[in-house]
Amino acid sequence: MIIGFLDNLNSNKWISGMDHCNRIIDLIENTDFTKKDDGVYKTDSEDFYYIISTYNTSDNMEEKPAEAHRKYIDLQYILYGEEKIGYADHRNPGISLKEYDGKNDVELFSRIENESFFILKKDMYAVFFPEDVHRPGLANKEARSVRKVIFKVPV
């Protein structure tokens, strides 16, 4: 997992070496996401796409299950709002809520051992690798509206 602010995205050597990094930076700098509806957006690459999502955070962890992916890296970029995100390494035992779905590349967990939390705010990003179980959408002190772009980068 990597977190940071947008202005250091292209200087982070771990991210700048990642496939599609330049395309992500170009999309963030040159796309008016406020004029796009929530949904899935394909790019000129068959296996690289992004999702725009708007939702309200919640302090009810049952409403916000943890998730893990196997085929994609998530680069989540906050357009507005802030959220608390849970994180755990995939080696931490978890209680599976939904077994791995290969079509949608997601496994859901209701509880994860040794889960840590951090806050993601406007113009920040987080990169989650396949070994990173993450729980986005949690409220930081109070429920807020969040809008973010989730870039799906193939492993």
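In this predicted model, the side chain of Arg135 reaches over to the backbone oxygen of Met61, at 3.4 Å. Where does Arg135 sit? Its place is in strand S11, which covers residues 132–138. Is Arg135 buried or exposed? With a relative accessible area of 0%, Arg135 counts as buried, because the cut-off for that word is under 20%.

Leaving out residues up to four places away in sequence, its contacts include Met61, Lys64, Pro65 and Ala66. Also among them are Lys84, Ile85 and Gly86, along with Phe109, Ser110, Arg111, Ile112 and Glu115.

Now for the sheet. Strands of a sheet pair through backbone hydrogen bonds, either parallel or antiparallel. Here, 6 strands make an open sheet, and you can read off their order as S1-S10-S5-S12-S3-S2, with antiparallel pairing. Strands S1 and S2 are at the edges and have a single partner strand each, so one side of each has no neighbour in the sheet. From one strand to the next, the twist averages 20°.

Here is where some of these strands run:

| Strand | Residues |
|---|---|
| S1 | 2–5 |
| S2 | 39–42 |
| S3 | 49–56 |
| S5 | 72–80 |
| S10 | 124–128 |
| S12 | 145–154 |

What joins S1 to S10? The two run antiparallel and are linked by 4 bridges. If you look for Gly4, you'll find that its bridge partner in S10 is Tyr125.

Finally, there's a helix to spot. Helix H2, residues 21–30, lies across S3, S5 and S12, and runs at about 150° to S12.

Note on methods:
Residues are numbered from 1 along each chain as its sequence is written. This is a predicted model: local features need pLDDT of at least 70, side-chain atom pairs count only at pLDDT 80 or more; totals for chains, interfaces and linings use all residues. Side-chain values use heavy atoms; hydrogens and water are left out. Two strands pair if DSSP finds at least two bridges between them. Axes are lines fitted to C-alpha atoms, for helices over the stretch in contact, and angles run from 0 to 180 degrees between N-to-C directions. Contact means heavy atoms within 4.5 Å. Buried means under 20% relative accessible area, exposed over 50%, partly exposed in between (1.4 Å probe, protein chains only). A polar contact is a pair of N or O atoms within 3.5 Å; within protein, one must be able to donate a hydrogen and the other to accept it, and residues adjacent in sequence count only if both atoms are side-chain atoms.
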